[in-house]
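This note is intended for a colleague who is meeting the structure below for the first time. It is arranged as numbered points, each of which may be checked against the coordinates.

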Amino acid sequence: MRKFFDSINHEILFSLIKKEITDEKTLELIWTILKSFEKNSGKGLPLGNVTSQLFANIYLNQLDQFAQHLLKAKWYARYCDDFVIVDQDRTVLENYIPRIHTFLSNELKLDLHPNKISLRKARQGIDFLGYIVLPHRKVLRTKTKIHILKKITGKNFASYKGMLSHCKGKKIERILDSKTAKTYSSDKGQNVF
């Protein structure tokens, strides 16, 4: 989605929450949290706020339901505002795009990011969440590799190692190990992590 967190409509989100929560004090607290941040009038959630991830999932559950029950997309996955749909028929995917665009615009007041829509063959790899997903393996996206190598510190080392554990990345893992060992050694020459 284009500018997803900035575009979340407070009224729409609150109406979705009210379908599940009826306690007035809880609803009042949620409304206070929503109104504590506005990117535009009545819109927006702060990045990094603990509640933002939860609210984003509540908001985009509507897209999940649409994709699974109305589009009947057999292979659909979403993480926050990134999603992928896999189908053997390119025409089916091409037909989904305007339907998803219309749904997002009408129901959630969101726009698809035109530069981030791509139709690819699975053998070419699917760019999703920092990885390129291929039929029989996952590799890090080149941009992600460059970012990791530039930003590695002792504090984020474990996080990056965790990211690498989900893909084929032994070569970059060895580079990280050697770079971190050189950069973060104590006066006695022992590694500090």
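**Notes on the predicted model**

1. Helix packing. Ile 12, Leu 13, Leu 16 and Ile 17 of helix H2 are in contact with Phe 55, Ile 58, Tyr 59 and Gln 62 of helix H4. By class, this contact between H2 and H4 comprises seven nonpolar residues, one polar residue and no charged residues.

2. Helix H2 covers residues 10–18 and helix H4 covers residues 50–70; their axes come within 10 Å and cross at roughly 85°. The two helices, H2 and H4, are therefore roughly perpendicular to each other, since angles of 65 to 115 degrees fall into that class.

3. Phe 103. This residue lies in helix H5 and is buried, its relative accessible area being 14%. When residues up to four places away in sequence are not counted, Phe 103 touches Gln 62, Leu 63, Phe 66 and Leu 108. Gln 62 also takes part in the contact between H2 and H4 described above. Phe 103 and Ile 30 are 73 residues apart along the chain, and their C-alpha atoms are separated by 26 Å.

4. Asp 81. The loop between strand S1 (75–79) and strand S2 (82–86) holds Asp 81. What charged partner does Asp 81 have? Asp 81 is buried yet has no salt bridge, and the nearest side chain of opposite charge, Lys 116, is 7.0 Å away. Leaving aside neighbours within four places in sequence, Asp 81 is in contact with Met 1, Phe 4 and Leu 60.

5. Salt bridges. How many salt bridges does a search of the whole structure find? The search finds five, and one of them joins Lys 35 to Glu 38, with the closest N and O atoms 2.9 Å apart. Both ends of this pair are partly exposed: Lys 35 has a relative accessible area of 37%, and Glu 38 has one of 39%.

6. Arg 90 and Glu 94 form a salt bridge whose closest N and O atoms are 3.1 Å apart. The two residues, Glu 94 and Arg 90, are four residues apart in helix H5 (residues 90–108), so about one helical turn separates them. Glu 94 counts as partly exposed at 36% relative accessibility, as does Arg 90 at 47%.

7. A bridge between two helices. Lys 161 forms a salt bridge with Glu 173, and the closest N and O atoms are 3.1 Å apart. This pair links distant parts of the chain, with Lys 161 in helix H7 (residues 157–164) and Glu 173 in helix H8 (residues 170–183), twelve residues apart. Lys 161 is partly exposed, with a relative accessible area of 22%, whereas Glu 173 counts as buried at 19% relative accessibility.

8. Backbone angles to inspect. Lys 72 is not a glycine, although its phi is positive, at about 60°. Lys 72 is found in the loop between H4 and S1 and is exposed, with a relative accessible area of 60%. Lys 109, likewise not a glycine, has a positive phi of about 55°. Lys 109 belongs to the loop between H5 and strand S3 (126–128), and at 45% relative accessibility Lys 109 counts as partly exposed.

Terms used:
Residues numbered from 1 in each chain as written. Predicted model: local features only at pLDDT ≥ 70, side-chain atom pairs only at ≥ 80, totals over all residues. Heavy atoms only, no water. Buried < 20%, exposed > 50% of the residue type's maximum accessible area, 1.4 Å probe, protein only. Lys, Arg positive; Asp, Glu negative; His and termini not counted. Salt bridge = Lys/Arg side-chain N within 4 Å of Asp/Glu carboxyl O. Contact = heavy atoms within 4.5 Å. Axes fitted to C-alpha atoms, helices over the stretch in contact; angles between N-to-C directions. Parallel < 35°, antiparallel > 145°, perpendicular 65-115°, else oblique. Nonpolar A, V, L, I, M, F, W, Y, C, P; charged D, E, K, R; others polar.
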